[in-house]
Amino acid sequence: MEIANLWYLIERDKLHRVISAKEYAELNPDSFILHQVFDNKHEATHEMIRLLQTAVQEVSHQLDEKDPGHRSH
């Protein structure tokens with residue numbers, strides 16, 4: 001595993017992002033939350049999509065609890 005080829009899944013400004021090792025090295029360490037490190041961009045992007053889908057499902061569930069008649073499209 002070569003560090004220069006790693007991809008990082010981070011959260012910054014309440015947004016999930018996939019960034020390269022070069023971009024990661026340029027960030028202020030206090031400006032983001034590191035979620036996970038991946039060997040390739042595809043894996044990192046796949047995990048980001050999974051996290052976003054989970055968040056959407058959680059919000060949808062919360063809406064359903066508050067308004068049982070609410071149906072998502």
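Asparagine 40 caps the N-terminal end of helix H2, with one of its side-chain oxygens sitting 3.2 Å from the backbone nitrogen of histidine 42. That counts as a polar contact, meaning a pair of N or O atoms within 3.5 Å; within protein, one must be able to donate a hydrogen and the other to accept it, and residues adjacent in sequence count only if both atoms are side-chain atoms. All of this comes from a predicted model, where local features need pLDDT of at least 70 and side-chain atom pairs count only at pLDDT 80 or more, while totals for chains, interfaces and linings use all residues. Residues are numbered from 1 along each chain as its sequence is written, and side-chain values use heavy atoms, with hydrogens and water left out.

Now for the overall layout. The chain has 2 helices and 3 strands, where helices (H or I, at least four residues) and strands (E, at least two) are DSSP runs numbered from the N terminus. Going along the sequence, the pattern reads β-β-α-β-α. With a radius of gyration of 16 Å, well over the 11 Å that the globule rule gives for 73 residues, the chain is more spread out than a compact globule. (The radius is taken over C-alpha atoms, and the rule is 2.2 Å times the number of residues to the power 0.38.) The C-alpha trace spans about 50 × 25 × 15 Å along its principal axes.

The strands make an open, antiparallel sheet of 3 strands in the order S2-S1-S3. S2 and S3 are the edge strands, each pairing on one side only. Pairing here requires at least two DSSP bridges between two strands; S1 and S3 have 5 of them, in the antiparallel sense. In this pairing, glutamate 11 stands opposite isoleucine 33 in S3.

Back to H2, which covers residues 41-66: its 26 residues reach 38 Å from first C-alpha to last, close to the 38 Å expected. That expected span is 1.5 Å times one less than the number of residues. H2 lies across S1, S2 and S3, running at about 175° to S2; axes are lines fitted to C-alpha atoms, for helices over the stretch in contact, and angles run from 0 to 180 degrees between N-to-C directions.

The buried residues of H2 are Ala44, Glu47, Met48 and Ser60, buried being under 20% relative accessible area (1.4 Å probe, protein chains only). Their cover includes S1 (7-12), S2 (15-20) and S3 (33-38), with contact meaning heavy atoms within 4.5 Å. Across the chain, buried residues make up 21% of the 73.

Definitions and conventions: Buried means under 20% relative accessible area, exposed over 50%, partly exposed in between (1.4 Å probe, protein chains only).
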